[in-house]
Amino acid sequence: MITSVWKSIRSGQIDPVYLIVGTESYFIEKTLDLLKNKLTDGGELELTFFDLDEVPIEHVIDEADTIPFFSDRKLIIARNASFLKAAERGKEKINHDLKALEAWLENPPVSSVTVFVAPYEKLDERKKVTKLIKQHTVLVEAKSLQTNDLESWLMHEAKSFGKGIDLKAAQRLMEMAGTNLTLLSSEIEKMSLYLGAVEGDITAELVEQMTARTLEQDAFKMLQSYLEGDVSGALSVYYDLLRQKEEPVALTALLASQIRFMIQVYYLQKKGYHAQQISKQLKAHPYRVKLLVEKRQQISEKRLLQVLGDLADIDLQLKTLSSNRDRILEFFLMKRGG
């Protein structure tokens, strides 16, 4: 697990070669930061970056084999190791000497810490170089977390700041802030600092008070209130967005986008897809899909199509009328709620 790799790095047990695989940028950057910070403990750090979409692997090998001048060990970060994934023949950007890499992996120098970053969902396991690099490196899986793992991660993150967070608060935080790990970590840190040294955990109430909502989350809340017939709730969010200088045209487009996404989710669910398959098909986070699947029985597909048509009419009005633009979407929320 990634946490065990981080624990080893923090304790000073740093291996000569790492392979980071996955698309979750938070895990990629945190692993690199931990290595930088730990290798800096001994003084100045020699740090070299390579983009393997621009330079051949031989440059990385030559740099790794060169003795560091100012420190005991230097850090080499080689991003975009695309030679590890499947590629169309003739479409490769760079001609890498993979035989040289395979030989180098058998006995990498201990004076360097080389990190290969492969920000892809999966590698081509049929390739010899893929098998060898996974065999001779410390593998770090930077994969997006599923809903249950995300909840556990939030609890672990709060614990790292000396605080607890219950399941209800964790779920509310994801509803309000989304599923970007960097943003979630920042929110956890902010609330932990607010609580300070006093006893007390992060609660759903504290999340409500301190979490900055994204525009997309506010639009989703406004839409859900509207679809559930909560006119006052929908209008409350709308008025708040107007005070933040959000344009009704942009809000209408965002609401329509949310409706289209809901229609796609429910169509795939009707086809027999489960939430995990739907999120993969639509390239959406599983938690967002899970929230919609749980509300499936509360609204019909016919109703969604009707609302989508209404929003198209509103969009036309907003783009052709020059006055009372705020009122057009307001009347929609008031008259058609429920």
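**Pocket lining, domains and helix packing**

At least two residues of the lining of the largest pocket come from each of helix H7 (167-177), helix H10 (215-227), helix H13 (275-282) and H14; helices (H or I, at least four residues) are DSSP runs, numbered from the N terminus. The model is predicted, with pLDDT of at least 70 needed for local features and 80 or more for side-chain atom pairs, while totals for chains, interfaces and linings use all residues. Residues are numbered from 1 along each chain as its sequence is written, and side-chain values use heavy atoms, without hydrogens and water.

Reader: Which helix gives the most to the lining of the largest pocket?

Author: A pocket is an open set of points on a 1 Å grid over the protein atoms alone where a 1.4 Å probe fits, with protein on both sides within 12 Å along at least five of seven lines, and lining residues have an atom within 4 Å of a point. The lining divides into eight nonpolar, twelve polar and eight charged residues (Ala, Val, Leu, Ile, Met, Phe, Trp, Tyr, Cys and Pro count as nonpolar, Asp, Glu, Lys and Arg as charged, and the others, Gly among them, as polar). With four residues, the greatest contribution is that of H14.

Reader: How are H12 and H14 oriented relative to each other?

Author: Helix H12 (residues 248-270) packs on helix H14 (residues 286-294) with the axes 10 Å apart and at an angle of about 75°. Axes are lines fitted to C-alpha atoms over the stretch in contact, and angles run from 0 to 180 degrees between N-to-C directions. Because angles of 65 to 115 degrees count as roughly perpendicular, H12 and H14 are roughly perpendicular.

Reader: Which residues of H16 meet H12?

Author: H12 and helix H16 (residues 325-335) pack at about 30°, with their axes 9 Å apart. Angles under 35 degrees count as roughly parallel, and H12 and H16 are therefore roughly parallel to each other. On the H12 side, the contact (heavy atoms within 4.5 Å) involves Pro 248, Val 249, Leu 251, Thr 252 and Leu 255. Their partners in H16 are Arg 325, Asp 326 and Leu 329.

Reader: How many residues does domain 3 give to the contact with domain 2?

Author: The domain assignment, automatic or from a database, places domain 2 at 147-210 and domain 3 at 215-334. Their centres, taken over C-alpha atoms, are separated by 27 Å. Domain 2 supplies eleven residues to the contact, and domain 3 supplies seven residues.

How values were computed
Angles under 35 degrees count as roughly parallel, over 145 as roughly antiparallel, 65 to 115 as roughly perpendicular and the rest as oblique.
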